[in-house]
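Reader: Can you walk me through this model? Keep it short, please.
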Amino acid sequence: MISFIVIGKNEGERLQRCLTSVHTVVKQDCIAEWEILYVDSRSCDNSIQIAKESGATVFKITGECNAAIARNIGAKEARGEILFFIDGDMELLPGFLHKVLVNDKLVYPFLSGIFDDIVHDTEWNYLYTTPRHQLKEGDADSFSATTGGLFLITKELWDKVGGMDNRLKRSQDYDLGLRLTKMGYPLCRKAIVAAKHYMVAYTLRCDYVKNMKYTALLLRKHWNNKQYLQIFCKSRYTSLSLLLVLGVVWWWQPIVVLWIILLLYKTLRTKTLSVSTFFRLIACDFSFLGALLCYWPKQPIINYVKVE
């Protein structure tokens with residue numbers, strides 16, 4: 001059995017699209033045994049009603065909410081041997097599942113496909129579409145620790161790795177991938193189109209700066225992982241230059257100049273180019289630095305109810 005585990009908060013029409021696409025995929029890909037579980041992070045809209053009307057088994061988080069907690073709840077309540085995690089702002093596409101299943105078993109215990117990001121501003125006005133992955137359909141499989149909000153994993157392997165880290169409100173899927181890679185199960189990325197992802201541009205999200213504390217937590221957890229450090233240095237090079245400013249006091253002036261140059265370079269590479277983007281990136285670096293020194297969270301207690 002496949003357990004489709006959908007998570008979300010205030011997704012509304014996007015959730016409706018997501019759940020409808022699950023039913024379409026089940027029918028067109030001829031999935032015999034399946035269930036849909038929806039885990040809601042205290043939505044204020046009609047998401048729970050939409051999920052109930054779609055036939056999903058619905059659970060509502062009553063305590064602290066984040067994607068890791070929601071996925072852990074879904075996995076705990078799932079009856080299937082295969083867990084298919086889907087964010088509520090995604091639309092599944094037919095043709096993917098039957099290519100990754102053989103005799104109702106996954107061809108690899110931890111895998112995903114490729115998809116496009118349909119990017120919007122905070123008012124949900126369309127901005128642009130961009131592929132999330134470098135793979136193109138028909139390419140060879142790739143293996144990495146990067147997962148994203150859509151992936152399949154056997155229940156056995158999920159239990160073996162201990163699920164997701166409930167402390168992480170951001171990069172919880174990446175943390176899972178890093179731990180599984182260390183166990184010898186990197187994510188297998190199939191070059192098969194699996195979904196569309198309707199999202200707000202990361203640099204426009206109001207929580208983008210404060211969520212840098214989870215990047216700091218991730219670095220502390222995986223500081224001795226060479227694969228992660230390479231990716232971290234590539235993506236957070238401005239944060240590293242700011243660290244150098246503090247660590248090499250006698251050379252602070254040229255390093256500050258370097259930091260500003262790198263910030264400008266990163267701003268120019270951002271599709272949502274603006275002065276506010278530049279200052280947002282500065283705030284991210286300082287937020288990361290403060291969290292690296294001061295953010296030491298405890299594991300939250302999971303509280304939720306089944307919605308009848």
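Author: One term first: buried means under 20% relative accessible area, exposed over 50%, and partly exposed in between (1.4 Å probe, protein chains only). This is a predicted model, where local features need pLDDT of at least 70, side-chain atom pairs count only at pLDDT 80 or more, and totals for chains, interfaces and linings use all residues. Residues are numbered from 1 along each chain as its sequence is written, and side-chain values use heavy atoms, with hydrogens and water left out.

Reader: Fine. What is the phi of Asn10?
Author: Positive, about 55°, although Asn10 is not a glycine. Most residues other than glycine have a negative phi.

Reader: New topic. How many residues of helix 6 are buried?
Author: Nine of the eleven residues in helix 6 (residues 172-182) are buried, so the rest of the structure largely encloses this helix. Among them are Asp173, Asp175 and Arg179.

Reader: What do the buried residues of helix 6 pack against?
Author: Helix 3 (67-77), strand 8 (110-120), strand 11 (150-154), helix 5 (155-161), helix 7 (212-221) and helix 8 (226-235). Contact here means heavy atoms within 4.5 Å.

Reader: What follows helix 6?
Author: Gly184, with a positive phi near 100°.

Reader: Now holes. How many cavities of 30 Å³ or more?
Author: One. On a 1 Å grid over the protein atoms alone, a cavity is a set of points where a 1.4 Å probe fits but cannot get out, and a pocket is an open set with protein on both sides within 12 Å along at least five of seven lines; lining residues have an atom within 4 Å of a point. Grid points are joined across faces, edges and corners, and a volume is the space filled by probe spheres set on the points.

Reader: How much space is in the largest cavity, and what lines it?
Author: About 30 Å³. The lining includes Val25, Asp29, Phe84 and Ala194.

Terms used. Helix = DSSP H or I, 4+ residues; strand = E, 2+ residues; numbered from the N terminus.
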